[in-house]
Amino acid sequence: QVQLVESGGGLVQAGDSLRLSCAASTRTFTSYAMGWFRQAPGKEREFVAAINWSAGRTYYTDSAKGRFTISRDNTKNTVYLQMNSLKPADTAVYYCAADGGGGKARGPLFSSLSYVYWGQGTQVTVSS
């Protein structure tokens, strides 16, 4: 069982930056691929970014490319999402997710079905 706790959300203005953090409670953090998803009011949860277990590969949705950066610090069991040039369309609850571990992806990392563990979410609100 892996517990994920997100932090770093808040209310910002368009053009500002935020860094989300997700701390994982596991001794084998390095074996988990990690992802960030978001859900806006009235919309389905959507993929934002993912990073594989070795941090050798990262993946982004088109709207995040060039503005968001996912990274991980395996010494701190933490994954980050640096968000720059925020837009009102980025307003959503952001969720951190971990796959099943073992250093082996169970499916494409842009799919929520590939993840087993989810955090409680952190609200990001971008005002215009």
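**Ground rules.** I am working with a predicted model, where local features need pLDDT of at least 70, side-chain atom pairs count only at pLDDT 80 or more, and totals for chains, interfaces and linings use all residues. Residues are numbered from 1 along each chain as its sequence is written, and side-chain values use heavy atoms, with hydrogens and water left out.

**Entry 1: strand 8.** I began with strand 8 (78-83). Strands here are DSSP runs of E, at least two residues long, numbered from the N terminus. I looked up its partners, where two strands pair if DSSP finds at least two bridges between them. Strand 3 (residues 18-25) is joined to strand 8 by 6 bridges, and the two run antiparallel. In that pairing I found Leu20 opposite Leu81. Strand 7 also runs antiparallel to strand 8, with 6 bridges. Arg72 stands opposite Val79 there. Is strand 8 enclosed or open? It is largely enclosed by the rest of the structure, because 5 of its 6 residues are buried. Buried means under 20% relative accessible area, exposed over 50%, and partly exposed in between (1.4 Å probe, protein chains only).

Entry 2: I moved to the hairpin of strand 7 and strand 8, which has 4 residues between the strands. Asn77 takes a positive phi near 50 degrees in this hairpin. Lys76 is in the loop between strand 7 (68-73) and strand 8. Lys76 counts as exposed because its relative accessibility is 55%. I also checked Lys76 against Ala24: they are 52 residues apart along the chain, and their C-alpha atoms are separated by 8.6 Å.

**Entry 3: aromatic rings.** How many aromatic pairs does the whole structure hold? My search found 5. Rings of Phe, Tyr and Trp (its six-membered ring) pair if their centres lie within 6.5 Å; planes under 30 degrees apart count as stacked, over 60 as edge-to-face, the rest as tilted. Phe37 and Tyr115 form an edge-to-face pair, 5.3 Å centre to centre with 80 degrees between the planes. Phe37 lies in strand 4 (residues 34-39) and Tyr115 in strand 10 (residues 115-118), so the pair ties together parts 78 residues apart in sequence. Phe37 is buried at 2% relative accessible area, and Tyr115 is buried at 6%. I noted one aromatic cluster formed by Phe37, Phe47, Tyr115 and Trp118.

**Entry 4: charges over rings.** I count a charge as over a ring if NZ of Lys or CZ of Arg is within 6 Å of the ring centre and within 35 degrees of the ring normal. The charged end of Arg45 sits over the ring of Trp118, 4.8 Å from its centre. The charged end of Arg72 sits over the ring of Phe29, 4.4 Å from its centre.
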